[in-house]
Amino acid sequence: MRNIKFLRPSEQDQLKKEASDVYRRTLKYIRIYYDFEDSIFKICSKFDLTSAVSYEDALEAVESLGLKNVEEDKLYDETRKLNQVFFHFVQSSDSTLPANANCQK
């Protein structure tokens with residue numbers, strides 16, 4: 001598989017646009033046709049790339065999924081790293097996925 005950086009800029013833009021469109025349509029479909037209220041996946045909806053993820057949400061997801069042996073200090077560090085990447089993405093000029101402007105660091 002080719003790396004996106006080896007594509008021409010116009011091809012990179014087209015790929016990003018198409019990937020973003022697929023993401024949006026998939027997310028819209030899931031929100032319309034899937035009932036998250038009575039599902040274990042309700043907690044996962046907080047990881048939809050539209051806002052930062054709080055440590056509490058990450059901890060709740062771990063507990064809801066019944067994951068064992070998760071070190072809370074490492075989970076905190078990973079949540080912080082995830083949010084750093086998220087904020088970098090939101091601030092980048094080529095951001096194509098929807099982002100919540102009310103995110104807090």
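A residue is termed buried when its relative accessible area is under 20%, exposed when over 50%, and partly exposed in between (1.4 Å probe, protein chains only). The structure is a predicted model, in which local features need pLDDT of at least 70 and side-chain atom pairs count only at pLDDT 80 or more, whereas totals for chains, interfaces and linings use all residues. Residues are numbered from 1 along each chain as its sequence is written, and side-chain values use heavy atoms, with hydrogens and water left out.

Rings of Phe, Tyr and Trp (its six-membered ring) are taken to pair if their centres lie within 6.5 Å, with planes under 30 degrees apart counted as stacked, over 60 as edge-to-face and the rest as tilted. Three aromatic pairs are found by this rule. One of them joins Y55 and Y76 in an edge-to-face arrangement, at 5.5 Å centre to centre and 70° between the planes. Because Y55 belongs to helix α2 (residues 55-64) and Y76 to helix α3 (residues 72-91), this pair ties together parts 21 residues apart in sequence; helices here are DSSP runs (H or I, at least four residues), numbered from the N terminus. Y55 is buried, at a relative accessible area of 18%, while Y76, at 44%, is partly exposed.

The ring centres of F86 and F87 lie 5.5 Å apart with the planes at 70°, so this pair is edge-to-face. F86 is buried at 8% relative accessibility, and F87 is likewise buried, with a relative accessible area of 10%.

Terms used: Helices (H or I, at least four residues) and strands (E, at least two) are DSSP runs, numbered from the N terminus.
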